[in-house]
Amino acid sequence: MTSASAADPKRWWALAVIALAQLMVILDGTIVNIALPSAQRALGMPDADRQWVITAYTLAFGGLLLLGGRIADLVGRKRAFVIGLAGFAVASALGGAAAGPGTLFAARALQGAFAAVLAPSALSLLTTTFTDPRERAKAFGVYGALAGGGSGAGLLVGGLLTEYLNWRWCLYVNVPVALAALIGAQVFLRDRSGRPGGHLDVPGVLLGSGGLVALVYGFSEAGPRGWTSPWVAAPLMAGVLLLAAFVWWQHRAAGPLLPLRIFRDRSRAGAFATMGLATIGMFGVFLFLTYYFQAVLGYPPVRTGLAFMPVSVGIVIGATQIAARLLPRTAPHTLMASGMVLAAAGMVLLSRLTVHAQYVPHVLPGLLLVGLGMGLTFMPVYATATVGVPTQDTGAASAALTTVQQIGASLGTVLLNTIATGATSRHSRADSGTALAEAMVHGFSVAYWCSAGVLLLAALVAALTVRRGKPSQAGSKPSA
């Protein structure tokens, strides 16, 4: 092989370092969910404020991703990776030692801010380290497995740490992981320096980050407040207006925060759209099954975390053992569309759950299908969306893909939760525990059908927009 990746004997160790950092970022999106009741009791946190443990992280992460991606392009991907790791470790230690809710909220926001620097630099390092198509398929198989399965693993790890240590270890655990990744980054990562002549698009930062923060905040408030609340409508409208102004400015800026040439390739644009729709449909699994396992079936936290593991296992198998092997000789749109159809079939199976369902015969098959389908989809999406991007834009492209994933997760959580609660309210007719549980499961069933529809739409988008050529050619036209 004559590729750049083959010339670096440390490239597989570099993948391990990148994967470790990426897993840490993904885990922190869900690891505190199960620990939240314990943290609330320990810190005397009011019910009205507890959502900020989650929202502070997602707001900072989703809102600052575009800025983080451009920082990686300007200062260098390895340097941005190290800054993100170090900052994430400090923020995690601060959160673990929090004596009050305000400190915990601030620490979670700091975690999200440094994750916004870390995540796009990790993906762009992977993009520039592996250029040979076969090696690239294997590397993105690992990355796609972590990106899709990390959320489920976070629920298990959070349950174990909360039950056998305490909630603070859900944050402290990041410190040794980040330190190990920092050491590995210094030894194994290779990257060029940043662009000395580059400059930061300040208006773009204000418009883009402001718009994303407003959207994520609006989505997060829609659940507890309702869509008609001014605290929801105002930020959503502001977010749309700011992002429209952002796109207008990016056409005119000399050094844009997000070069729009990235989206001119049809395959790349299709991969972005597929990722957004996939994450909208997928997050119904984690949201509703958490309540189903604990409120309906009576599972404790650790058993709930273990119950999600088939999703993670399915994603790992789908991404590393199936998609990574098939991608070098299979058109990426075939894998994406097949994966989405498989995941939709899993959602249909989950829609048939009842209050008396048993895990192995009724829940497990749906979870495995969803996991395999997501693994088949995420891996070629990551590979297709990042191949052929000009070197100076890899950070921005990586950040844009992660932003789409983050916005999709926020939107999917709110939309599906609204659908489920509405269906539950209409179905509820009595005050008995059994009747309430049946109404709740009915609401989940309706939401799963909607998830299946969104995933089938993602399959159609992938089939129609992503080129039918080999993945080494998909999106490889240089963007002018």
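Good morning. H2 passes H6 in a left-handed crossing, meaning that the near helix is turned anticlockwise from the far one by less than a right angle, while clockwise would be right-handed. Helices here are DSSP runs of H or I with at least four residues, numbered from the N terminus.

A word on the source: this is a predicted model, in which local features need pLDDT of at least 70 and side-chain atom pairs count only at pLDDT 80 or more, whereas totals for chains, interfaces and linings use all residues. Residues are numbered from 1 along each chain as its sequence is written, and side-chain values use heavy atoms, with hydrogens and water left out.

Let us return to the first pair. Two packed helices are described by the angle between their axes and the distance between the axes. For helix H2 (residues 11-27) and H6, the axes come within 10 Å and cross at roughly 155°. Axes are lines fitted to C-alpha atoms, for helices over the stretch in contact, and angles run from 0 to 180 degrees between N-to-C directions. H2 and H6 are therefore roughly antiparallel to each other, the term for angles over 145 degrees. Ala, Val, Leu, Ile, Met, Phe, Trp, Tyr, Cys and Pro count as nonpolar, Asp, Glu, Lys and Arg as charged, and the others, Gly among them, as polar.

H6 (residues 101-129) also meets helix H17 (residues 394-427), with axes that come within 8 Å and cross at roughly 125°. H6 and H17 are therefore oblique to each other, and H6 passes H17 in a right-handed crossing. Here five residues are nonpolar, seven polar and none charged.

The structure holds two cavities of 30 Å³ or more. A cavity is a set of points, on a 1 Å grid over the protein atoms alone, where a 1.4 Å probe fits but cannot get out; lining residues have an atom within 4 Å of a point. A volume is the space filled by probe spheres set on the points, which are joined across faces, edges and corners.

The largest cavity has a volume of about 60 Å³. Its lining includes Leu104, Arg108 and Trp167, and has nine nonpolar, no polar and one charged residues. The second largest cavity has a volume of about 40 Å³. Helix H18 (residues 433-465) gives the most to the lining of the second largest cavity, with four residues. Thank you.

Methods
Helices (H or I, at least four residues) and strands (E, at least two) are DSSP runs, numbered from the N terminus. Angles under 35 degrees count as roughly parallel, over 145 as roughly antiparallel, 65 to 115 as roughly perpendicular and the rest as oblique. On a 1 Å grid over the protein atoms alone, a cavity is a set of points where a 1.4 Å probe fits but cannot get out, and a pocket is an open set with protein on both sides within 12 Å along at least five of seven lines; lining residues have an atom within 4 Å of a point.
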